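Dear colleague,

I am passing a structure on to you below, and after it I have set out what was found in it. Please read the notes with the structure open beside them.

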Amino acid sequence: MLKTLATSLLLLPIASLGYAQDDQGQYMKVHPYKVKINDSLCYQVREGNNKRIVWEPFCGQFRNFVYREGYEYTVYVRKYDPEADSMFVTQTMASSDVRVDVSQEILLNRLMKQKAKKTPAANRHISSAEPQFMKVYPYKIRVNDSLCYEVGPGYRKEDEGTLRKEPFCGVFKNLNFEEGKMYTLAVEKYDPQADTLFVLSATSYPWVSKEALERKAVQLKKKSAPRGEIMKVHQCQILVNDSLCYQIRQRNTAPWEPFCGVLYPFYFTEGHEHLLAVKEYNPHADTIYVIKGIGRDGSDHRVYNKRQKSSIKSNCEECKRMREKMRADAIRASSASRKRKR
């Protein structure tokens with residue numbers, strides 16, 4: 001009986017801890033640096049103690065959380081979802097005590113001293129100056145016809161909060177660069193204009209994968225793409241009270257409606273039916289704003305074969321006949337009304 005009671009008492013705090021963690025939400029980490037996707041700066045996040053350290057881009061907003069660049073955070077969120085517009089932080093567990101790049105430079109200094117002791121004096125690379133630190137970003141960039149590294153100076157107090165990047169089109173001596181990883185290097189001299197930079201020591205840490213970046217870029221493009229309504233413009237314009245008006249409709253089954261306002265920006269070509277994406281379909285408006293032209297009879301207006309040319313010509317003639325008939329009908333109707341008044 002006593003043994004059972006003791007076991008129950010031991011299990012009680014463990015169970016309560018489990019419930020507390022459930023209440024807190026999901027455990028995740030926030031990377032010390034953001035990543036640029038299209039024109040957006042996105043966080044890098046990962047769920048729990050992910051041993052593979054695969055960071056995912058999160059381009060939304062954190063609620064109940066203050067982020068400072070250069071510090072890695074461990075937090076609890078209600079739901080871990082990098083695709084969401086926002087994540088609510090229930091608790092901030094920890095953050096790195098100092099900026100990550102500062103701690104890396106301290107580590108590099110220590111590593112270099114250890115290397116110097118182990119390396120035979122004859123093989124040591126002698127440098128009288130103090131080493132300088134620099135960053136190498138995970139993906140190369142194209143400059144003219146060359147693929148170059150994207151680099152920036154290491155941490156300095158006066159540079160806190162800034163992110164300076166510049167191309168380096170030379171060669172790193174003593175560095176095996178692996179795309180997709182961020183590097184902090186100790187070099188003899190930080191000089192992006194040099195042909196060669198000698199690396200005294202290097203540390204790398206993982207960055208968000210290229211596939212994840214591409215995936216997120218597509219999602220952001222879809223989100224930022226203007227949403228509107230689809231409408232069609234008839235190949236013929238019609239006369240309404242002596243005004244030349246468009247004929248428009250939203251669905252193929254819907255009747256054509258006259259629109260006597262302005263389609264902006266839009267260039268109408270008679271003889272072609274146009275498919276447009278517009279901000280709002282409203283036949284009674286003064287202006288309908290066009291987001292983009294989706295299609296026009298499925299043919300290119302610059303290249304026609306003989307059949308297409310004759311088809312367009314017949315369509316234009318049909319439009320003219322339609323307008324002449326409408327004008328004649330309008331004249332007859334007005335003359336008949338005048339006779340009735342007499």
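A disulfide, as the word is used here, is a pair of cysteine sulfur atoms within 2.5 Å. One example is the link of cysteine 245 and cysteine 260, which is right-handed, with 100° about the S-S bond.

Before the rest, a word on the basis of these notes. This is a predicted model, in which local features need pLDDT of at least 70 and side-chain atom pairs count only at pLDDT 80 or more, while totals for chains, interfaces and linings use all residues. Residues are numbered from 1 along each chain as its sequence is written, and side-chain values use heavy atoms, with hydrogens and water left out.

The overall picture

The protein has four helices and 21 strands, where helices (H or I, at least four residues) and strands (E, at least two) are DSSP runs, numbered from the N terminus. Of its 342 residues, 35% are buried; buried means under 20% relative accessible area, exposed means over 50%, and partly exposed lies in between, with a 1.4 Å probe and protein chains only. Among the contacts with a separation of 6 or more, 59% are between residues 24 or more positions apart, a contact being heavy atoms within 4.5 Å.

The disulfides

A search of the whole structure finds three disulfides. In general terms, a disulfide is a covalent bond between the sulfur atoms of two cysteines.

One of them joins cysteine 42 to cysteine 59, with an S to S distance of 2.0 Å. This pair links distant parts of the chain, 17 residues apart, since cysteine 42 is in strand E3 (residues 40-47) and cysteine 59 is in the loop between strand E4 (56-58) and strand E5 (61-63). The link of cysteine 42 and cysteine 59 is right-handed, with 95° about the S-S bond. Cysteine 42 counts as buried because its relative accessibility is 0%, whereas cysteine 59, at 23%, counts as partly exposed.

Another disulfide joins cysteine 148 to cysteine 169, again with 2.0 Å from S to S. Here cysteine 148 belongs to strand E10 (residues 146-153) and cysteine 169 to the loop between strand E11 (166-168) and strand E12 (171-173), so that distant parts of the chain, 21 residues apart, are linked. The link of cysteine 148 and cysteine 169 is right-handed, with 95° about the S-S bond. Cysteine 148 is buried, at a relative accessible area of 0%, and cysteine 169 is partly exposed, at 45%.

Cysteine 245 is buried, with a relative accessible area of 0%, while cysteine 260 is partly exposed, with 46%.

The salt bridges

The structure holds four salt bridges, a salt bridge being a side-chain nitrogen of Lys or Arg within 4 Å of a carboxyl oxygen of Asp or Glu. Among them is the pair of lysine 29 and glutamate 72, whose closest N and O atoms are 3.9 Å apart. Lysine 29 lies in strand E1 (residues 26-30) and glutamate 72 in the loop between E5 and strand E6 (73-77), so this pair ties together parts that are 43 residues apart in sequence. Lysine 29 counts as buried, at 12% relative accessibility, and glutamate 72 is partly exposed, at 26%.

Lysine 232 and glutamate 273 also meet through their side chains in a salt bridge (3.5 Å, N to O). They link distant parts of the chain, 41 residues apart, with lysine 232 in strand E15 (residues 229-233) and glutamate 273 in the loop between E19 and strand E20 (274-278). Glutamate 273 counts as partly exposed, at 24% relative accessibility. In a further salt bridge, the side chains of glutamate 178 and lysine 181 meet at 3.6 Å, N to O; glutamate 178 is partly exposed at 43% relative accessibility, and lysine 181 is partly exposed at 28%.
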